[in-house]
Amino acid sequence: MKYRPSRRTRRVAIGAAVVLALAGMNGPALIGFASEQYHQYKINQPEYKAANGHWDVVDVPPEYKINTIHAALLHTGKVLLVAGSGNNAKNFAAKSFRTVLWDPVKNTFENIPTPKDLFCSGHTQLPDGKLLVAGGTQRYEKLGGDVKKAGGLMIVYNESPDAPKTFPAGTLFTGKQNGKTFVSKDPVVVPRAKKKADPKTGKVTVTHSEARVYVEALKEGRQYSTGAQDNYRIHGLTGADARNFYGIAQKLSFDKKDFQGIKDSFEFDPVAERYLPVDPMNEARWYPTLTSLEDGKVLSTSGLDEIGQVVPGKQEIYDPKTKKWTYLPKQRFFPTYPTLFLTDKGRLLYTGSNAGYGPDNIGRTPGIWDLKTNKFQVIPGMSDPDVLETSMSVLLPPAQDQRYMVLGGGGVGEDPKATDKTRLVDLHAAQPRFKDGPPLYAKARYPSSVILPDDTVLTTNGSGDYRGRSDSNILKAELYDPKANTSRPVADPLVGRNYHSGALLLPDGRVMTFGSDSLFADKDNTKPGVFQQQIDIWTPPYLYRDSRPELTDPGPKTVQLGGTATYRTKHASAIKKMRLMRPGSFTHVTNIEQRSIALGFKATKDGVTVTLPKDPTLVPPGWYMLNAVDDQGTPSKAVWVKVPTATKAQLKGLGLN
């Protein structure tokens with residue numbers, strides 16, 4: 001049927017044509033206005049939408065607009081939007097921490113009480129559908145010129161094997177040599193000392209324990225700083241305690257103070273719609289990465305600790321059954337928010353993508369990490385290896401192929417360098433090696449990539465410089481086809497998005513984008529930036545087609561690894577693919593949750609029977625979106641499926657326990 005424009009569209013087109021005709025007489029302003037009128041007319045044409053998709057703005061009531069830093073899709077179909085203090089020091093001081101739950105179908109919103117500042121935490125999907133959120137902000141950074149009180153790290157020692165001891169916030173420490181007094185800003189628990197007897201001699205040795213806490217001078221002024229190590233007595237202690245407990249600190253100064261992390265952990269329950277506290281991590285972490293493992297446990301990696309230093313290679317595992325954290329026996333250093341994917345054989349791929357903090361010469365080389373042995377196999381061939389910070393990494397669909405892509409990136413810290421390189425690696429190759437793919441639409445830090453059910457990848461936005469500096473936001477988007485190894489442009493985004501932005505696939509096949517935290521709002525870098533609170537929706541080209549498959553009679557909600565399930569559909573003969581999509585959990589250019597798994601299937605007269613893979617490293621336990629894709633590449637709306645944790649026998653049979 002031939003498209004006939006509406007009366008309103010015809011008016012817009014005629015108006016644009018008239019303005020264009022007058023532009024020659026009325027100068028550049030009218031030309032710019034006419035160009036925008038024509039652009040709006042063009043992008044709203046059915047033919048354009050069918051080829052490039054379309055962007056729309058989500059209507060968010062003012063009381064629910066927040067600085068979205070983290071976003072995760074839940075198995076209820078709702079999206080958890082987490083700001084915490086939202087990179088706003090005033091909110092932090094006021095203990096104003098925000099979380100909003102958004103229902104994309106009804107476009108309704110709900111404020112969720114937020115127990116701690118979850119700004120810059122880590123998060124990942126758990127086997128039962130809850131979202132694990134760990135870490136966050138204990139203290140905001142202070143630049144050198146803003147530091148009013150001398151401060152730094154105090155190590156508290158315990159020489160007694162009898163019992164641990166807790167020192168509350170406000171504990172005073174006075175140097176034995178310098179005589180200066182400092183106060184702890186947070187509570188600290190010092191474990192009991194370790195006592196060990198020699199089996200041959202019976203001689204008992206005691207090894208002290210220690211804990212770390214941030215301290216500040218009681219008063220402002222340069223005279224309260226220190227320049228050398230000192231031993232500090234702890235106020236309020238007498239007798240044996242005064243001998244067994246003491247502090248040691250190096251320089252306590254006016255140096256820049258970085259952000260500091262917290263140990264707190266929570267599970268967000270999508271059904272009860274609230275945060276549930278669980279045991280805290282052993283290490284405080286700000287900017288950590290949480291990676292779901294094949295047995296349902298979670299690895300927590302890197303982050304800034306309680307004194308603002310990168311956690312020195314101490315990784316830990318969360319067990320959702322016991323709600324406890326335990327250290328890995330061996331250490332390995334990574335910069336903050338390292339991108340670590342679960343791969344086949346239970347190993348982890350570190351692509352080199354990261355965000356934020358860490359030296360420029362340690363822990364930045366891509367490779368395959370074996371958690372059991374702590375061995376690290378370097379993967380060569382990465383182009384522009386010095387600009388991997390703020391790059392995006394994706395497990396390309398289908399996940400069985402074990403091909404990964406790294407997109408864009410920038411220099412370490414505030415380095416202005418950026419790259420338009422995309423790099424590909426095939427882990428099934430005899431000797432895995434990165435090679436370049438098609439260039440990205442621009443040199444981009446902070447691009448956001450989303451896997452779609454039709455086996456393409458949408459990448460959008462980013463900026464050419466650190467946090468959009470010098471008006472460098474990129475208003476472009478593209479679709480990458482892994483099979484053809486080609487990219488093509490699609491509809492331009494509505495707003496710029498850089499630092500603290502992201503994107504998620506929704507169950508209906510659309511994509512949401514959120515956030516952006518520009519440092520400045522002008523080309524000359526004189527006007528402070530404002531956080532972008534707008535949420536946008538991109539409707540892909542495949543949703544502008546005449547027909548769409550539908551799974552009308554959902555099969556079982558739970559399907560075992562290697563198991564089958566049957567779904568009723570009127571479009572069985574047209575279905576060409578079945579895809580199992582893990583819901584995303586996005587923050588800081590990191591979304592290691594998302595993956596698309598090809599399912600074996602058999603079409604019948606009025607239905608389709610799918611078969612899940614047996615490998616839990618390919619299908620980690622949890623909730624997934626099941627999509628049928630027809631011969632035109634159009635996916636159905638998703639049906640939610642729960643894949644339970646593999647049994648010990650299954651893990652042993654695959655050599656994974």
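## A four-stranded sheet

In what order do the four strands of the open sheet stand, and with what pairing? In this predicted model, the order is β44-β42-β47-β48 and the pairing is antiparallel. The edges are taken by β44 (595–598) and β48 (639–643), and because each of them has a single partner strand, one side of each is left without a neighbour in the sheet. Averaged over the sheet and with direction ignored, neighbouring strands are turned by 35° against each other.

Within this arrangement, strand β42 (residues 575–582) is joined to strand β47 (residues 622–630) by six bridges in the antiparallel sense. Met-581 has Met-625 of β47 as its bridge partner, and Met-581 is also among the residues in contact with Leu-452.

## Nonpolar cores

The largest nonpolar core comprises 68 residues, and those with the most contacts inside it are Val-79, Leu-81, Trp-102, Leu-452, Met-512 and Trp-538. For Leu-452, once its neighbours within four places in sequence are left aside, the contacts are Leu-458, Leu-479, Leu-505, Val-511, Trp-538, Tyr-542 and Met-581.

## Phe-520 in its loop

Phe-520 is placed in the loop between β39 (511–515) and β40 (536–539). With a relative accessible area of 26%, Phe-520 is partly exposed, since the range for that class lies between 20% and 50%. Not counting residues up to four places away in sequence, Phe-520 touches Arg-469, Asn-525, Thr-526, Lys-527, Pro-528 and Gly-529.

## Aromatic pairs and charges over rings

Across the whole structure, a search finds 26 aromatic pairs. One of them is the edge-to-face pair of Phe-268 and Tyr-275, with 5.1 Å from centre to centre and 70° between the planes; both Phe-268 and Tyr-275 are buried. Tyr-318 and Trp-325 form a tilted pair, for which the centres lie 5.0 Å apart and the planes make an angle of 45°. Tyr-318 is buried, its relative accessible area being 0%, while Trp-325 counts as buried at 7% relative accessibility.

One aromatic cluster is formed by Phe-92, Phe-97, Phe-119, Tyr-140, Phe-259, Trp-286, Tyr-287, Tyr-337 and Tyr-357. Charged side chains also sit over rings: the charged end of Lys-165 is over the ring of Phe-167, at 5.9 Å from its centre, and Arg-222 lies over the face of Phe-254, at 4.2 Å from the ring centre.

Note on methods. Residues numbered from 1 in each chain as written. Predicted model: local features only at pLDDT ≥ 70, side-chain atom pairs only at ≥ 80, totals over all residues. Heavy atoms only, no water. Core = buried A, V, L, I, M, F, W, Y, C linked by side-chain atoms within 4.5 Å. Buried < 20%, exposed > 50% of the residue type's maximum accessible area, 1.4 Å probe, protein only. Contact = heavy atoms within 4.5 Å. Pairing = 2+ DSSP bridges. Helix = DSSP H or I, 4+ residues; strand = E, 2+ residues; numbered from the N terminus. Axes fitted to C-alpha atoms, helices over the stretch in contact; angles between N-to-C directions. Phe/Tyr/Trp six-rings, centres within 6.5 Å; stacked < 30°, edge-to-face > 60°. Lys NZ or Arg CZ within 6 Å of the ring centre and 35° of its normal.
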